[in-house]
Amino acid sequence: MQRGGMNSAVTIFDENASKYHTICCGAHIRTLASIFIIIDLVLTIITGSFLFLIPILIVGIGLYGVFHPSRTCLLVYTGINLIGIFISITLTVLNHRLVWWQKSRSSSPFKKNSVSIKIENSGSAKLFMILTLAYIAIRIAITYTYCRLANFVKDLENSQRIHIVYDKA
């Protein structure tokens with residue numbers, strides 16, 4: 001006759017599992033996130049936006065989340081990055097719509113004695129749009145990396161807990 005008892009279930013966590021490596025270069029998600037957060041810090045310092053307290057605090061949250069694996073800090077940093085991406089996309093679309101609106105207004109046949117704004121349809125405007133879209137795509141990839149690191153930290157934390165399963169007999 002078997003009596004009910006406790007069994008401990010151990011979750012096996014493989015830090016080097018393939019799901020924690022990137023597809024593009026095969027680097028571990030921790031390594032890639034560390035590189036990206038250092039680049040964010042350097043860019044914040046180079047652009048001088050560290051003079052404003054908020055950007056350096058935001059990067060500080062990211063630094064803490066990456067180097068002292070904190071899922072909460074990583075999720076906050078990821079959320080702030082997503083807001084930044086949304087703002088970039090919105091401004092890009094508004095800029096494109098404004099250029100279109102100005103073009104349509106400047107070609108209006110009803111204008112007399114008014115100064116029309118000449119909108120350049122030059123290669124530099126197209127290059128600017130391509131670079132803006134590339135920047136947004138890169139920011140999305142970097143933000144996705146931080147999100148994956150947050151999932152890695154969650155899996156790591158879950159594996160360090162002891163799970164107790166009660167058997168009914």
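Residues are numbered from 1 along each chain as its sequence is written, and side-chain values use heavy atoms, with hydrogens and water left out. Because the model is predicted, local features need pLDDT of at least 70 and side-chain atom pairs count only at pLDDT 80 or more, while totals for chains, interfaces and linings use all residues.

The protein has four helices and two strands, taken as DSSP runs numbered from the N terminus (helices H or I, at least four residues; strands E, at least two). From the N terminus their order is β-α-α-α-α-β. Of the 169 residues, 25% are buried, that is, under 20% relative accessible area with a 1.4 Å probe and protein chains only. Among contacts (heavy atoms within 4.5 Å) between residues at least 6 apart in sequence, 68% join residues at least 24 apart.

Helix α1 covers residues 29-46, and its end C-alpha atoms are 26 Å apart, in agreement with the 26 Å that its 18 residues should span; the expected span is 1.5 Å times one less than the number of residues. Its buried residues include Ile29, Leu32, Phe36, Asp40 and Thr44. Just after α1, Gly48 has a positive phi of about 80°.

Helices α1, α2 (53-67), α3 (71-106) and α4 (123-159) each supply at least two lining residues, and α3 gives the most, with six.

Two aromatic pairs are counted, with ring centres within 6.5 Å; planes over 60 degrees apart make a pair edge-to-face.

| Pair | Centre to centre | Angle between planes | Type |
|---|---|---|---|
| Tyr20 and Phe152 | 4.8 Å | 80° | edge-to-face |
| Tyr77 and Tyr146 | 5.1 Å | 75° | edge-to-face |

Tyr20 lies in the loop between β1 (6-9) and α1 and Phe152 in helix α4, so this pair ties together parts 132 residues apart in sequence. Tyr77 lies in helix α3 and Tyr146 in helix α4, so their pair ties together parts 69 residues apart in sequence. Tyr20 and Phe152 are buried, and so are Tyr77 and Tyr146.

Note on methods: Buried < 20%, exposed > 50% of the residue type's maximum accessible area, 1.4 Å probe, protein only. Phe/Tyr/Trp six-rings, centres within 6.5 Å; stacked < 30°, edge-to-face > 60°.
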